[in-house]
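Hello,

Here is the structure you asked about. My notes follow below it.

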Amino acid sequence: MLRGDAVAVCKKILRVNPEKIDTVFKLAELRAKQKLEGEAVSFFSQYVEYILANQQTALPKCQREIERMLELMPASEPLIGKAAEIYDQLGLKLKAAELCAKLCAMAVEKESEIAENELQNRIELARREEQLIAHEGTNQKRKMTEAGESKRISAEGDATRARLVAHAQ
């Protein structure tokens, strides 16, 4: 309940003063804690864009907030990219490079997951195709058995009729 109240207060503050960037960061932090990732990313992005647009005043004092943002949203590719950009602007080239390396690792992992998923889909498709072929074979066998049974019954009927006609004469 307290977080909901805090969110409402932050939103009221921003309606009055949209440039209150500390409030934007706090709102992003609250949304991240509430597991509302889409909103958290949106507010964090707004915060980062403000920092990049106002580098002279905002950039030098944002490092702690950027680290907090990455702590709260460690898997958000857009935020990691923006953080790398800010670290680069701050002259923290090693931190920027580490974040870029993390983005690359995340991309490789995502590609690996996609490839694994595609492989699993192909295996499942092959399994279903095998079941379909077996089912079609069973159906074909049943049709042939039924057709043979129908011919046998028809032949028996014809033979019985022929005997009855012959016996009647």
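Are α2 and α3 roughly parallel or roughly antiparallel to each other? This is a predicted model, in which local features need pLDDT of at least 70 and side-chain atom pairs count only at pLDDT 80 or more, while totals for chains, interfaces and linings use all residues. Residues are numbered from 1 along each chain as its sequence is written, and side-chain values use heavy atoms, without hydrogens and water.

Helix α2 covers residues 21–33 and helix α3 residues 37–53; they pack at about 155 degrees, with axes 8 Å apart. Axes are lines fitted to C-alpha atoms over the stretch in contact, and angles run from 0 to 180 degrees between N-to-C directions. α2 and α3 are therefore roughly antiparallel (angles over 145 degrees).

On the α2 side the contact (heavy atoms within 4.5 Å) involves Ile21, Val24, Phe25, Leu27, Ala28, Glu29, Arg31 and Ala32. α3 contributes Glu39, Ala40, Phe43, Phe44, Gln46, Tyr47 and Tyr50. By class, that is eleven nonpolar, one polar and three charged residues (Ala, Val, Leu, Ile, Met, Phe, Trp, Tyr, Cys and Pro count as nonpolar, Asp, Glu, Lys and Arg as charged, the others as polar).

As for the whole chain, it has seven helices and zero strands (DSSP runs, H or I of at least four residues for helices, E of at least two for strands). Its radius of gyration, 36 Å, is well over the 15 Å that the globule rule gives for 169 residues, so the chain is more spread out than a compact globule (taken over C-alpha atoms; the rule is 2.2 Å times the number of residues to the power 0.38). The C-alpha trace spans about 120 × 40 × 25 Å along its principal axes.

Regards

Definitions and conventions: Parallel < 35°, antiparallel > 145°, perpendicular 65-115°, else oblique.
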